[in-house]
Amino acid sequence: MSFNILAIAQAGRLEHEAILLAASLRLSDPDFPGTLYIAEPQPGPKWAEDPRMSDRTRRVLTGLGAVILPFETRVFGSDYPHGNKIEALAALPDAPFLFLDTDTLVTGPVSAIPFDFARPSASMRRENTWPKVELYGPTPTRTWKSLYDRFGLEFETSLDRSWPEDYWQRFLYFNAGWFFHESPRAFGNRFLAWAREIRDAPPEELVCQELYPWLDQIALPLVIHSFGGGRPGPELAALDGTATCHYRTLPLLYAREADRAVEVLEAIAADSALRPVLRHWGAFKRMVIQGEGAMARALFDRDDLPRREQMMRNRLKREGLWIR
């Protein structure tokens, strides 16, 4: 089944990450039958500066087969750029889609993954980031249930009862680095409406909770559950596995990701048409061209990584190898 891929790019780091994404798709899945759309927010009152990419990046992305998809920002913008992934869905053709965060490499054939687009899902590569448990505040169960109640959803069927009461993995919680559905229009309209309501009129159980930068990840499981989706099954293991790598930052890619991700990155770096453009990105220049990525990789044992990402970040910072 053919489907489209959506990613977001704007001026700065994200436009360079978009080049890596587009180049990695062409390298790792050359027969991908759908279209890669790179959505680009347009200038407007929600942006403090012009968010559009450089003409140089536009030419490179088009040459890699991507389609630039302009979209208007009406709700979020500079105050919450994570909201781009929500608002851009309205501009996408209404056909099955896979959203990928721009800081993702395609490392295998995503076209071979047996998606059931009628049953949406999202990435489980997440940590216990929300909600924060307050000493005298509501329990995580009460906090999450208040959201399900707000939108008329069945809470009990969302729970993973293999985990204890109030343990964070008991609740439906995703990393928004990838998600999919059969209709970007239906999914996007609900995602936007519910994220906006949580922001503007949250249930009282959320009064002490920080909503930024987690708003997209708070609303996402509610939307997925409402469309009959849930946690990804083994058929989707290639996402966050052999087919895609959500690396977050280049230092983290070198520190913790599989050899295949490094091979794809360095194959792209060796492309004489792409290297001169990517060297404008400071992180790429240091990590890949100047070889600091190999130094970062030597600091960690991929078979025995620290339990939390923050521990890796701290070590990279101590060694002077942290850059975005």
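## Charges over rings

Over the ring of which residue does the charged end of Arg190 sit? In this predicted model, that ring belongs to Phe227, and the charged end of Arg190 is 4.0 Å from its centre. Another such arrangement involves Arg315, whose charged end sits over the ring of Phe300 at 5.7 Å from the ring centre.

## Nonpolar cores

The largest nonpolar core has 63 residues, and the members touching the most others are Leu20, Ile38 and Leu250. Seven residues of this core come from helix H1 (residues 13-28), which gives the most to it.

Beyond its neighbours within four places in sequence, Leu250 is in contact with Leu20, Leu265, Trp281, Ala283, Phe284 and Met287.

## Aromatic pairs

There are 24 aromatic pairs in the structure. One of them joins Phe151 and Trp194, which are stacked with 4.5 Å from centre to centre and 20 degrees between the planes. Because Phe151 is in the loop between helix H4 (140-150) and strand E7 (175-181) while Trp194 is in helix H5 (residues 184-200), the pair ties together parts 43 residues apart in sequence. Both Phe151 and Trp194 are buried.

Trp178 and Phe180 form a pair that counts as stacked because their planes are at 10 degrees, under the 30 degrees cut-off; their ring centres are 6.2 Å apart. Trp178 and Phe180 are both buried. These two residues also belong to a cluster linked by ring pairs, together with Phe3, Phe32, Phe115 and Phe117.

Methods: Residues numbered from 1 in each chain as written. Predicted model: local features only at pLDDT ≥ 70, side-chain atom pairs only at ≥ 80, totals over all residues. Heavy atoms only, no water. Core = buried A, V, L, I, M, F, W, Y, C linked by side-chain atoms within 4.5 Å. Buried < 20%, exposed > 50% of the residue type's maximum accessible area, 1.4 Å probe, protein only. Helix = DSSP H or I, 4+ residues; strand = E, 2+ residues; numbered from the N terminus. Contact = heavy atoms within 4.5 Å. Phe/Tyr/Trp six-rings, centres within 6.5 Å; stacked < 30°, edge-to-face > 60°. Lys NZ or Arg CZ within 6 Å of the ring centre and 35° of its normal.
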